[in-house]
Structures are given as structure tokens and as C-alpha cells.
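The following exercises treat a structure made of several chains.

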Amino acid sequence: MLGLEKKDFRLLLIVIGLTMLAPFILNPFPEGSEMAQFNAGYPDLMQRFVIFGIFAIGFNILFGLTGYLSFGHAAFLGVGSYAAVWMFKLLSMNVLPAIILSVIIAGLFSLLIGFISLRRSGIYFSILTLAFAQMSFALAYSVLTPITGGETGLQLALDDPRIFGVAQTASGNIPVPAIFGLEMRASYELALGSWLFTFNAGYYLAALFLILSFYLAIRIFRSPFGMMLRAIKSNQTRMSYTGLNARPYTLAAFVISGMYAGLAGGLMASMDPLAGAERMQWTASGEVVLMTILGGAGTLIGPVLGAGMIKYFENIFSKINDTILHGWFAFLPDGLENFVVAIIHPFIGKGWHLTLGLVFMLVVIFLPGGLVQGGQKIAAMFRRKQPEDAQSKATEPAE
Amino acid sequence: MSNSKFSRRGVLKTGMVASAGLALPQYLRADSHAGFTNAPGDSEVILGFNVPQTGPYADEGADELRAYELAVEHLNGGGDGGMLGTFSSKALDGTGILGREVKYVTGDTQTKSDAARASARSMIEKDGAIMITGGSSSGVAVAVQALCQEAGIIFMAGLTHSNDTTGKDKRANGFRHFFNSYMSGAALAPVLAANYGTDRKAYHLTADYNWGYTTEEAVKSSTEAMGWETVNAVKTPLTQTDFSSYIAPVLNSGADVLVLNHYGGNMVNSLTNAVQFGLREAQANGKNFEIVVPLYSRLMARGAGANVSGIFGSTNWHWSLQDAGSQAFTRSFGTKYGFPPSQAAHTTYVQTLLYADAVTRAGSFNPCAVAEALEDFEFDGLGNGPTLYRGADHQCFKDVLVVKGKENPENEFDLLEIVEVTPVGQVTYAPDHPQFAGGALGSCNPGA
Amino acid sequence: MDQFILQILNGLDKGSAYALIALGLTLIFGTLGVVNFAHGALFMLGAFVAVTMSKLLTLSHKVVDEARTDFLGNPLQVDVPYIYDWFGQAAGDVIIDWAVPISIVAAIPVMIAIGFIMERGLIKHFYKRPHADQILVTFGLAIVIQEIVKYFYGANPIPTPAPSAFVGSFDFGVVLGFDPNAIIYPYWRLVYFFFSIGIIAAVFAFLQFTTFGMVVRAGMADRETVGLLGIDIDKRFTIMFGIAAAVAGLAGVMYAPINSPNYHMGMDFLVLSFVVVVVGGMGSLPGAVAAGFLLGILESFASMSAVIDFLPGINQIIIYLVAIIILLTRPRGLMGRKGVMEE
Amino acid sequence: MGILEVKGINKRFGGLQALGDVNLSVAENTTHAIIGPNGAGKSTLLNVLVGKLIPDSGSVMFDGQSVLGRKPHEINQMGISRVFQTPEIFSDLSVFENVMIPCFAKRDGAFRMHAIESIFAEKGIQQQADEILNDVNMLEKKDMTASSLSRGDKRRLEMAMCLVQDPKLLLLDEPTAGMARADTENTINLLKEIRAQRGITMAIIEHDMNVVFSLAERITVLAQGMPLVEDTPDNIKGHPKVREAYLGEAQV
């Protein structure tokens, strides 16, 4: 189906199902209940899930397949966002040209950086990419302020010279990004009993791009090109003595993943038209590395899971405060309530970093293959009867 | 499709129980009833406190959060009422806002514009916050302000000092109580001239980003107007931690004053380094060498320890002010938390009260009504003397404090002493002043 | 000319800090083959040993002073350090003043112990794991360590001054025949420089002249062979990790007076120290030291206002620019060996 | 005129003359062995032939074209395949994938952006891969991960990867190094078979004289970087210079 093997097609269907039904899946708790704190089904976070999912899928094409660990991929995301916002400022508020341009610009930028960085391998390659990204960040934050907006980020203004479109709306406001008139922020809300589900136009556009990206990633993984990339990771000596030139293959993978990053950046700017320099900082590059490893590098679905997990922690755990905790444990006797709250307190709100750090450590200690391996372990527990299944798994191309 | 844009869960939470059961999909029209985003229900109203909880400004964020919690307590009639008693407007009576109990949600800006906007959006989209406030840097303030404008939410800025927040990046839905770079320069210059003379040569070290630029410009133009000369102005990277190579050449540059346009960790390190190099004891051009820090923060001054003593700077507010409002606030904050509040705590507390008061006076949560009530509002009793919320740019105009690091502080909170309270007249500027040029408020956006 | 000399001095001083951190990182990588992202956290912990020491020395009890009042109008409670009670105020002040040098003594055992615990409890399980896993787990550990420090000490920097005997600057200019104040350098920074040189020399001497060091050097060159010799390399790895942690910790202790320590100072140094190590050549100790000084000096030159006026923003990117140029011209850094971390 | 003509190759490493004026001519459709004691320059010569090292002077012509200055993958595309001392295979990939990769390299050249096509649709390539695996008796192991193979199987896999490219010249670097006697015999038989069935020209660098004399049709002896003699196995066996060079080494 669609040029995919049965198993891959099933995976694609699962991803389509998950993204299309995300507003339901992410909002399992009734509105107004104590557990509603854990609901993630609001437009901003849902958009972030898929956008960072795209970013991580792209990163995984480079890192998971070729083993080249780039520490500078956030630069391409940042460049993509800047390109998109400039498109909004100069051309029109339609997101399509902005997204297309951001993919192109990020592709060109990654071609340049990849061409230079890929002259080295291993940690030397990592440091080269890190150096380029840090330079981009430092310059964008300071001397390039006229182009990038610097500290405050590049944003729209009331006097933008928009060629196709108006500078201001009738009510004197800055117009918002839209696709052929459908605003990215437009939402439709569905109340079912005490549950409330939000269907956001921007989210579905981004989700559509995620599905496309995921589909393309499957095709790449299962293509001769993808096999060559895995061969590069496995043995570069044999690669060249088999008559294959590793450089253009790695460069192509680098540019593809750079374009994925640019797509993520363009989508980010389309959902929320502001591009900040911090998007390019090394910590942002490190974040996508963590997402990929956390989910399972070299697997198809892993990076998406990793991205979701980190963004969930960042957005949900950071918002829990002591007042909420006291609300949850109000049923306990006072002394016990305070005790329990005091125990949990360091891990939530301002302590969400601590929780994330612990999760990294636990996952990598107990699940070297990331969350995907965790999923496989659980799945294996349910079908112990078929041991040969587990054996053949090892030889299948990366899942 | 209905463009409900941003949901208003406040309404739903209360109104939903009635419509329980397997309802058919329906377009939610509550928005259009109220005509603005996140119209609150009848019993409670939700405010969003968006402060840095991780990263280098986490302590300032924590102090802001304390002030917010205190403000909520006072608005809901708890505690000793704080500045509600001294506020010139008597609209607030301790029954919440327009009879609704004040609830709040918190978030982490991480002092990054992306994270701050994500957090603000989640407050608006998920929690149904009607107003967002907080922040501890201008980058974040400008970013969140623009977001609130788009969403149709009022933004009450926290600690943000760049001219741009109410200058080129001002927005109709955003309001700033805190002072700015221009005011710092205008307040400092006369005091510096009086103490150090008008024949001085200044060397600027400036943080290489927007806030640094506006502060350097403001201090430069104000001091040059007093007769000072600017010898050199060097930009330093935000990520710099060791400033020795920037400080070392200063003493031999012909300058006799060093101006550190730095904030936060940069300020702590550059000041510590400068003192290490012996600049405070040095002589230049036959005069004592002096250091100036245009924007002081008591929390950050603590990091520099004894190095701040004798060094001039400006600040928005200080707990040792003797007016009734400041005293009341310091008392209720100190009683609750055991130590005096910072200027960040003060401005966020005041912003919360000002918002609540404006809603009450307007009789509506509609952002446009609230904005109208805030614009050109004159008030007193909130710690800075008579104050004007100017309608033209949504900036508060009030007295500015010039402070000096104390020589012999009694404890870690007692680091600054007030040298002069510069009257508001001296720090007022025209809305179209060149340092604030290049932006427009636009018109208020109620969202929905 | 005088500016030039001044910036060389500056560069040497900065470089000594970079070299010291990079040295510990290289020790761990070279011997254990582990990419330790928690190394910056060890540096930070060292600085917080100094902070803790000065807190301990000023541990106080309250004495009520009825004559004065606090900000709320209550009688003022004055903090009186216990140390005053024991040694008298004058001697007590001297001890408190010398908190940072005193904490060096404490830092060595504390940091070695932390190093042992880290290696035994966590790192040793990762020797055979891919570098990506090592990065993830040590990065997680770094976050955990720094968040714990933040929980107890807050996010703001904590002033930890040097003894007052070291306040002020030495005027090199006068010695070299320039104008007074042309080339001044703070005493404590000079102390830091010589301290770093001393530690670097000690580490090299240890590796050069002791049997232990010889085994370790052999292990850095060819780990498998040494393993085959039947030497208990495990125990030596643990000790090496302890030493590397102590080196990082001492660098941190001595750095505390230069910049007030805060919980994220380790992360601030992390990227930089990796750049230093890689520019020096992965796994090469002399390379790490040389790269540290080189980058320190170039960074100082780039911060001169004449240079910035000529090339705006150069001070923002100099380190990375140099790293790129070196890695493109010398494929394995200044002194790197073939095959290390290239797979 | 041989398919491979090496003329006057010199290579110095610092003060060491690794190769001095080496000439070599490998005739088409023969098995040519290059032998010599340790440090004779065998490996250096091999690395020159595959493009890993560039000689200081001299020429290397393959099939009428110079190989000097070309990269290893370009030389492979000219028709030279190499078997390593320790098998170089794609150990993370399956056996089947290992042989598919050289098929693609043969068909599509050094680089092709075939990112959207599916491997599963490449029936021709799959058939080729199946055939060669069948030829080396590894068809039943095609789904195993290469790293889990035995050492002998790894060697056979590498051989299959080279053969499937149908090279004009197969370079073998000590193909039996470190092997047990039985394995060595197997390898000799395998190589003989290949030689007989496919008629591939082979150049073998080998230490084990037993192997050399069972396979080679012509032998070049190197000593201290210099070519000593080049002759048929029978003549080499009794050659005094060779005995001298190998003094102390048994079995000559």
C-alpha cells in the first residue's frame, strides 16, 4: 500500500490515527477535574508535539541512520523560522509560501554547513556543527539584530510592507497566519459530557505535515538510499571499497534532515509568528538529540515519542504548583498532606528540570534502546509464546 | 467553521455540568455572547502568572510568584490587605474581582521567548486565563506582549526595563508599570553630575542585545547632556562569564568612570571583576575612578556581595521607602515570607492590583474596557508616589529611585540605600521621543 | 603594546581555567573512554564546596539587639557566628576571610569521594555503551546535580570573596617600564594562574613518574593490551575518575572568588570545555592544555575594542571560529591521535 | 601487457623506504601472489593499488587507465575489489543487505539519490543477491545479522560481496590469516572454485606458503620494499635469493 510493506503501512496507519485523534487521546480527563492538569489536548501543546516530532524524525534520518551526531540542528530550525516570519512580513500571511521558503532556506544553509562539517567524522563532526550553530545563535542574538530582532525575536509589526495582503486588519491589528483564509488559530470545540475537545486548524495542518514527513521517512528508511546510510554507520571502509562514495550520501542525509528542521521551524512560525534566537542555542540542539535517543535512535516512531515526552514534561510538569498539589492531596489528614506535598514539591513546577534529568537517567540505564525498546519489552511480555518472533526481530531492518 | 480562536474554559468549567450527557457536536458560541476571549464565569476568574522558574532568573521569578500569591490573597479579602488600604482608588473591596474569586495558574518562562509564549498560550488555551502577567527580561516581555495582543488578552508586564517594551514594540493590550532605560539615564545623570562632577570621561561595557543597546543609549545621552564625554563603548556577549579582558583595558583608556550596562548574572560578574581589578580604589585623570550600574536589582546585587558598596544605580522601588504604600506592602510581604520584597515583587504585586482595579472600575473583563480604564489613569499609594499610566504608550510615569550600594549592610537584604527620589517630571518624555520611535500601539484586541 | 601584553596575561589566566577543566575531561575520556557531560557539574560542585565552607564558617546563632529594629519594626536579631564564640571576633574574622583557601583542604576528599560514587554507581556501567548513551546519562546526571544545588542554594550567584590579603592588583606595567596602571592584574587571578599551572604540572608528573601513572598512560594508548596484562584496570579507573573529579573541583574552588558561583556555572563551561578538548585533540592531555591557553589568549584578543570595531561580533564567535579553522586544517585537533572517537 | 601494470613505484615514510622501484605485472586471468617477509612492503603496495596511499613516483595502470590519484571508491568502480585480512563487512546489517549493497554499487555507481524507491521492489538486485549467497552456501543465513556470523562465514560473506560486483581484479590480503587448518583448506578450495568458475584475475598477498603454492600461477617476491624476483611457483621454490630472504622461515 502506498509503496509500503504491510508492517510499515500499519505503522503509518497508527501514526495517522494517533495524530487525527490526538484531541481525544490527549484529553482523557474531564474538564474541571483534578486530573485535568494532565490534559495536553490544547492547541499550543498539540502543535508543539507534532512540530518537534517532525524535527526529531528529520534528525533521526541523519543520526539514527548514519550515526553522525549533529549538535547544531537547531540552527536550521531557527533559520527556517526567520525565513517564515520574513515571508509573513514581506509577502503574505499565507503559511504555504512561508513554509516552502523556510524549507528551502534551511536546506541551503544545511548544504553549506554540512559540506564543511562532513569533512570530519565522529566527535570532530559534532563539534563543527555545534560551533556553527553557536555562532549562528550568538550573531542572531547580537550584531544581526536588524535582521533577526535579537533578544526580543523577529516579530510582525503594524507597518510591515506586506505585498499580498494588508498591513493591518480592519480593527487595527496585525493579521494572523492563515492558509487560504483559514486562520491557524481557528478552533472548533466539542463538548461531550464533561469532556471538552479542541480541534485546531493549525494543529491539523502541522499534523498533516507530520504524516507526510513520517511517510517520507519510512520510504527513506526502506530505500536503497536508507540502506546506504545504515551501511555508512556500520562500516565506512567497506563502503568505499565497495565503490560507494560516502560523502554525497551523508551530505544528502544532512540536507534532508536540515530541511525537516526547516519545515519544523516554518510550521512553528506559522502557528505563532515569532522567531527567537534561543531556538538556535546549543541547548535547543541538545534537546532534539535527547528526544531522539530517549525515544530510540534509528527507529521510526521513537523520535516522535521522545519529542512528545520532553514537551509534555516541559509544558505540563512546569505548571503544577503547590496549590494544585494541596488540592490533590486534600483528602489526606493535614500533617500527611503537607508531608506528601513536601516530598513531591522538588519535582514539580520549578523542579521540572530535575524530574526530566532523572527520567533521562532511568531510561538510558534501563532501556538502552529508548522508549521503543520499552514498548517492545511490554509487547514481548504479552506474547511470550512466540520466542522465534523475538529472534527474527533482530535481523529486521530498523523499525 | 467558527473562529473561536482561543477557548475560554472558565465559562465551561462552570457552565458545563448543566450540559452533561452525550451532547451532539456543537459550535461553542459562548465567545460571541461575551465578545472577548476567555470571559470568566460567575464564580471565579483566572489570572496567569508567567515567571521564570528555571534558569538564571529563577530567584526573581520566585519572588514575583510570592508577590502574586500575596496579591491574590489580598484581592480575595485575605491577609492584612496590603496596599489595598493605601491605594488611592477604592474600587477594590476584598471580594475578588467583580465578585468573582481570583484563582491563578503558574508557568515557567525559562527566560526564553519561545518557552514563555508556550507557557502563556497554555494558560490562555488550556486554563482560560483572562490576563497574563510576569517575566523577568525584556525579550520575554516583548514576546508575550505580542502574543497577548494577538490572543485578545491583557498583558501586565513584570520586570522589563528596555525602552522597546513601551517603545518600538508596544502593544495596545500590554501595560508596563516598571520604569525603563530612558528613565534610568534621566534620573541618574543629575545625581552623577552632583557627586562626580560634570567633567568626566565614561567607558561603557554593554550587554550585546536589545536591552543593553537602549540602556547604553539612554545613559550616554543623559550623561553627555550633563557634560560628560564617552570615551568608548564595548559590547560584551550575553554568554560571557569572565569579563576580565573587557575590564583590564579600562583603567588605561583615559576614562574615569565605568558604566556597566549589564543585568543579572552579567552584572554580578562584570562588577565583581571590575572590583577585583582594583578599579574602585584607582585614580584616573586626577580623580577617583567610579563605577556605575544603571539598573540595580537587589536580588542580583546580593550576588555581587560587598562589591556593590558605594556604587550608584537606579531602581524601580525599594522596601526601605517610607511612604504608607511601601510600608504596608513590605509589612504584609515580610510577615508572610520573613524577608523584605524585591522590586520585581513590588511591580508584579502592583500590576495585579492595577488590573483588578481597572476591571472593577470598568465593570467588565473585556480587555478593551480594561485598557480604557487603565489608559491615562492617575493613582497614588502604591509605593512610587503619584503615578500616571500614560495612554499614549501604556507606560507608568512615576518617581525613580537613585540608589547606592550600602557601605556597611546589616544583612543580605539591606544592600542598597536610597540617594535620591528623582521626581517624575525629570524622567517624563514625549511619547514620540527618538529613543522610543518606530512602533505603534495599534488598537485594542478583545479576541474572540 | 601594553594592551597586547595585558591581553596575553588575560589570555593566560582565562586559558588556565579552560586548560584545567579540559584536563580533567580528557583524563576521563582518555582513560575510561567515557564522554562525561557531567564534568561541568563537578566544576560547579567544587565552587559550591567553597560556598558551603564559607556558610559553615559563618554558621550563626541569633542574638537580640533591643536597641535596633528590623524592617518590620521588631527587635533586630543579629547573627553571631559560632566561630566568634570559640576564637574571639578578631581571629574569627580572619578564619572567615580565609574560607576559600581553607575549602581547598575540604574539596580534595569531598570531590574524590563524589568521583568514586559517580564512577562506581553509574559511569562504570557505561564503559561499553555507545557514546550517545554516555552523553545522555551524564547529561541527565548533570541536570540532576545542578537542580539539587539550586534547590538548596537558589538560582542567584553567591558571593564568595578571596581573602582580603589578595584584594587589589599587581602593576606589571611599572615593572616592565610602562606607565602606572597600564598593565595591572588582580592578585587572586595571579594566584589562580599559578595554582592551575601547579595542578597541571602535578597531574603530568603523576602520570609520568609513578607506576600507576605509567599503567594509566599505557591504558590511554592501548586499553586492550593493558587489560590483557592482567592488571586490575577497574580499580585504577575508579581512582582516575576520583582524580579527575578532584581536579575539576579544585578548579571550581579557586574560581569561586573570580565569579560568584551559581548553579548553572557548570553548564556555562561545559560546551566551552568540550570545544577545548576537541581542538586539543580527543584524548591528548598536552593537547587539552595547549588548546586551553590558545583559546584563552585568542578570546582575550578578540575582546579588544579595536578588534571589535574592525570586526563587529567577533568576540561573540571567536572560540567557535577558531575551533572550525583548526578542525578543518588539522583533522584531529592540535595533538589528537588517529581513530579516537571517529567511528 | 597485464591487466595491472605497476612501474617504478617509490614510497617513503620519513626516512624509511617502504617501496623502492617496484614493478609488477599481473596478467589477465591468472592468480598472482605477492609474498615476502614481514616489513617487505606488501601492505604498502596493496594500499597503493587501492588508492589509500599515493606513491612518491611511478605509475599504476589498470586496464589501460592510471589509478593514481583516484579515491578507493573510484578504483573499485574501475573493477578492483579487495578482501581484507580481517573481514570488513557491514556488521549491523543483515547478510542479505550486505550483498545487496555491492549490487547497487555495481548498477548505480558511486552515488545515486534513490531515496524513494523501495528495496523490496528491487527484484533484479534481490535475485542477484540470492544467487551469490547460494553460490557461497549462505542462502539459509541471509536474514542473520552479519555480526553474528562465524569468522569463516564472515570471510565468505566478504568474498561474496566482492564477487557479486564481478570484478576484473580481486585483491586478497592474507585471506587465511589466523585461520585454523581446516578453514584454510576450505578457503583455498573456495578460491580455486572461484578461479575456475568465474575466471577472475586474482592478486593475493599471503604469508602462508602452503596457500601460495596451492593457488598462485605466478609469484612476485618482495624484500625490504624491493622486488626480488618474479617467476612461476616452481622456479620460486628453489630460488636462492628467496631462501635467503626467508632465512629462518620454515616450509620454503
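**Exercise 1: Chain A**

Chain A contains 18 helices and 6 strands, where helices (H or I, at least four residues) and strands (E, at least two) are DSSP runs numbered from the N terminus. The model is a predicted one, in which local features need pLDDT of at least 70, side-chain atom pairs count only at pLDDT 80 or more, and totals for chains, interfaces and linings use all residues. Residues are numbered from 1 along each chain as its sequence is written, while chains are lettered from A and ligands numbered from 1 in the order in which they are written.

Task: Determine why the radius of gyration of chain A agrees with that of a compact globule.

Solution. 
- Step 1. The radius of gyration is taken over C-alpha atoms, and the globule rule is 2.2 Å times the number of residues to the power 0.38.
- Step 2. For 399 residues, a compact globule would have a value near 21 Å; chain A has 22 Å, and therefore agrees.
- Step 3. The C-alpha trace of chain A spans about 70 × 65 × 40 Å along its principal axes.

**Exercise 2: Chain D**

Task: State how many helices and strands chain D has, and describe its dimensions.

Solution. 
- Step 1. Chain D has 9 helices and 10 strands.
- Step 2. Its C-alpha trace spans about 60 × 40 × 35 Å along the principal axes.
- Step 3. A compact globule of 252 residues would have a radius of gyration near 18 Å, and chain D, with 19 Å, agrees.
- Step 4. Buried residues form 43% of the 252 residues in chain D.

**Exercise 3: Two helix pairs in chain C**

Task: Which term describes the packing of α2(C) against α12(C), and which that of α12(C) against α15(C)?

Solution. 
- Step 1. Helix α2 (residues 39–57) and helix α12 (residues 265–280) of chain C pack at an angle of about 140°, with axes 8 Å apart. Axes are lines fitted to C-alpha atoms, for helices over the stretch in contact, and angles run from 0 to 180 degrees between N-to-C directions.
- Step 2. This angle makes α2(C) oblique to α12(C); angles under 35 degrees count as roughly parallel, over 145 as roughly antiparallel, 65 to 115 as roughly perpendicular and the rest as oblique.
- Step 3. The residues of this contact divide into 8 nonpolar, 4 polar and no charged. Ala, Val, Leu, Ile, Met, Phe, Trp, Tyr, Cys and Pro count as nonpolar, Asp, Glu, Lys and Arg as charged, and the others, Gly among them, as polar.
- Step 4. α12(C) and α15(C) pack at about 25°, with axes 10 Å apart, which makes α12(C) roughly parallel to α15(C).
- Step 5. C:L272, C:V275 and C:V279 of α12(C) meet C:I319, C:A323 and C:I326 of α15(C) (contact: C-beta atoms, placed from the backbone, within 7 Å). By class, these are 6 nonpolar, no polar and no charged residues.

**Exercise 4: Contacts with chain A**

Task: Which helix of chain C gives the most to the side that touches chain A?

Solution. 
- Step 1. In this interface, 31 residues of chain C are in contact with 34 residues of chain A.
- Step 2. α6 (131–153), α12 and α15 (314–329) of chain C each supply at least two residues.
- Step 3. α6(C) gives the most, with 11 residues.
- Step 4. The side of chain C that touches chain A has 23 nonpolar, 3 polar and 5 charged residues.

Key. Buried ≥ 20, exposed ≤ 12 C-beta atoms within 10 Å, placed from the backbone. Contact = placed C-beta atoms within 7 Å.
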